[in-house]
Amino acid sequence: MPIFGRDTELENLRALVESPGRQSGFLIEGEPGIGKSTLVEEMAAAAAVVDVRVLRTAGAEAEQNLPYAGLHRLLYPLRRGFEALPTRQFDALATALGISDDPGEPSPYLVGLAALTLLADAALPADGASGDVAADQPLLIIAEDVHWLDAASAEVLAFLARRIATEPIAMIVTTRSATTSPLGAAGLDAMRLQPLSGNDAAALLDTAAPQLPAPIRSRVLAEAKGNPLALVELPTAVTDLTDSAPMLPMTQRLEHAFAARGAALPERTRSALLVAARNDSDSIAEVLAATGILLGSAVEPEILTPAVEAELIDIGSDTVIFRHPLIRSALAATGAADRQRRAHLALAEILDAQPDRQVWHRAAGAVGPDEEVAAALDDTAARARHVGGAIAALERAATLSDTPRRRVDRLLRAAELAVDSGRRDTVGRLVDAVRALPLTAGQEATADWLLSEFEDGMRENPLRIGELAALSAELAAEGYVDPALRILWGVATRCYWAEPGPDTRRTVLAVADTFGIPDGDPRKLAIDSIVAPFERGEEVLGHLRVLASTAGRDPEVDHFLSSAAYQVGAFDLAAHFAGAAAPGFRSAGRLGLLTRALAIQARSLTRVGDLAAAMPLATEAAAFAVETGQPFMHAVITAVQAEIAALRGEYAQAAGLAAEAERTGLAAGARPVLATAQLARGLIALGEGRAEDAFDDLYRLQDPREASHSYSVRAYVLAELAEAAIRAGRTDALREVLNGLATVAESTSSPALHIGMRYARAVLATDDAADLFAEAIAADLTGWPAERGRLHLAYGEWLRRQRRVVESRTHLRAAREVFDALGFASWSERARLELRSAGESSPNRDPDARDQLTPHELSIAQLAAQGLTNREIGQRLYLSHRTVSTHLHRIFPKLGISSRSDLAALLPAPADATA
């Protein structure tokens, strides 16, 4: 089809093809027949001219339930490079593409990383050198009709699109308008194709059908409405274009035209075309074999010749390809329903060696409930290499179930898988289907729980916490302890995000205590720590201290323990456990859980003062939170980034981040988000010398009426509150807070709580202040450098005010050194000012090498300083090794070095940063 009226689009696409890597690519949207494929073919031809290699795939309606079918088509030309992949990536990709005997489900993110590595290697010059960019073989990825692409392949392509901006790789994707796909939010530039103008439409019609009579020409122009495919195809169906013909939607008009062309073919050819249209592959051998079964006698390839002559299909050496997806959908819908079912059953009969494909054709050929086929679909779901395939199989099995109970059970299982994979719309649709059926009380409660899991129940009525606790108890009583614990963990997270009140917290604890699992079970520790961080704090801490030596064995266990440690104020232990959990989640490609582990690690390291380690972790966690669809985790991490910026003296940035986090937190009443944002505001005010504002900001965390009041966080910011209170002269209010927490402090040895209490009592004291400061400094502050620096600074300030100037210098010097090392800009400056007042000058603080790098660059540089190769760094950060190399070439000049061997001296590995 000639191209008319697409000059701007052609120019933009050609620029992309000629310079891959300057941008990720384009997502071309438009109605069927609008000319997307024509543009793509033009770009494929342009790529050949400028020596850009093209790799292609396309969605096919019949293959939507075959996980990684589209990815297989894309990567098959690169199959010789599979063996060069790192082991985990090779295993994931081999399993995904069905070339491995591993029956497990590979992580989509590991599959995506394998594809990224494979593509980056394919873009290398022949000798494998990566330094000469001019010698690279650029790649153009073309993915057509992604609205029909299987979900697994679409996720991998979206993963790639987010990471190819610095690679000699570009991507062109086409999709129908008003369809959803992971690629829609993958950073590709949108290119929306509009209908052709009147002049361009007329020119195209005159080229396609120059002999068309004037009345018919006018009618075609009116019906086509500028759609290029319609302008080419509708003239072949002119008999239907009468004034009395109904005005069907454009897609239906085109399908009608294609179906009319197919209706003129011989009966046997129509049968073969129906089989081909219903098949989920383009194998001509399968089409001929199934057609033979359908017709009752063997057939030869010549049966398809009339369809080729009618320009409906093309035949290769072993394939049948439809000229346009609309042709396939038009012919698949032709004929009676019984004839279509028989075509599916014929295909099923020849696919004994491929049970997963076979069962889908059996399901399409089923009439009414068929429990045997439904059970076979259950097996297919269990074998699925991608959760999207499992969900589809369970949903279809539900429609074939022979009892309502089985239908509900399958739909709920599918919905639970959808929750795990972040498919919010799918969960809503499945739960709606469940609610239309008769349900037990437990099933109804489970449906409600599933629907609320995306936001940890933050938008629910707090009464739901008690209802879910009761559901958990019911399941545990029936012997389903693991599912019951999973629901109770969801209940606990609701207690964290919201404030259900003491009665509800006691109810949840009572339920947890009835499960009969050991108190040291990591899941139980995590639940207890969230629901009762002070009441159960001492018991939880005892177990955590014992289990600290076992970290690194199981990432899920470490994740539960890191959460427990954070909740009871053991931030040093929380960083330790989270740092141990992250590598396991990272290597397994479990980015959803990796996001949470990184968030806990970043938050904990920030609280103890290791900003150099916390910054890159927070940056990575924020990016993964967006990628994995966790908006409230992203808000928490953004608030932590605000806290880091405030501690570094970057007040404008801190205020902006706090406001961003608060926008999300306020909408859902997410107390930890609001508390952390409020803490950041208090730190900003302290740093700027606005003591009254700082106290007001921090005191709000103590007021149960405030949205930023958090049951546990309020107890872990006492040092900041005390500092603001002393400077603002609000000591009475501070004493009230300390008195209110005195009983709490007696029940737990929470490090954060007691460090804060000791600091607050020391700065409040008069006669015995020296003894209290000495006691606070003598406490075990291993792993809490910021708190040690804060104590030395406050003690030095007190000593100077008592005219004990010589003694004050020792503590002020210690504070300056700590804060210089940590990058606490305003605290460091305060120590310098106090020293100056004590008669001692301080050298100017030289900017740390870390200060010159972005958090992302810092993360890469730290890993390189540890001796990791570019490939190893890429695997850790889900980047290609080429992207890592590009970043390092930017990092070296910033640091004034010429090679990675110099990095170790400049960037010693921070504690727990890479555990």
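Visitor: What share of the contacts between residues at least 6 apart in sequence joins residues at least 24 apart?

Guide: In this chain, 68% of them do. Contact here means heavy atoms within 4.5 Å. The model is predicted: local features need pLDDT of at least 70, side-chain atom pairs count only at pLDDT 80 or more, and totals for chains, interfaces and linings use all residues. Residues are numbered from 1 along each chain as its sequence is written, and side-chain values use heavy atoms, leaving out hydrogens and water.

Visitor: How many helices and strands does the chain have?

Guide: It has 45 helices and seven strands. Both are DSSP runs, numbered from the N terminus: helices are H or I with at least four residues, strands E with at least two.

Visitor: What makes the chain as compact as a globular protein of that length?

Guide: Set the value against the rule. The radius of gyration, taken over C-alpha atoms, is compared with 2.2 Å times the number of residues to the power 0.38. For 915 residues the rule gives 29 Å; the chain has 32 Å, which is close, so the label holds. Along its principal axes the C-alpha trace spans about 105 × 65 × 50 Å.

Visitor: Why is Q340 called buried?

Guide: Buried means under 20% relative accessible area, exposed over 50%, partly exposed in between, with a 1.4 Å probe and protein chains only. Q340 has 13%, so it is buried. Of the 915 residues, 57% count as buried.

Visitor: Where is Q340, and which residues does it touch?

Guide: Q340 sits in helix α15, residues 337-349. Leaving aside residues up to four places away in sequence, Q340 touches L274, R278, A332, A333, T334 and G335. L274 is itself among the buried residues of α11.

Visitor: How do you know what span to expect of α11?

Guide: The expected span is 1.5 Å times one less than the number of residues. Helix α11 has twelve residues, and 16 Å is expected. Its first and last C-alpha atoms are 17 Å apart, close to that value.

Visitor: What covers the buried residues of α11?

Guide: The cover includes α12, α13 (305-309), β6 (313-315), β7 (320-322), α14 (325-332) and α15. Helix α11 also meets α16: the buried residues of α16 pack against α11 (267-278), α12 (284-295), α15, α17 (371-383) and α18 (387-400). Those of α16 include W360 and H361.

Visitor: Why is L10 called buried?

Guide: L10, in helix α1 (residues 7-18), has a relative accessible area of 10%, so it is buried. Beyond four places in sequence, L10 touches I3, L39, E42 and M43.
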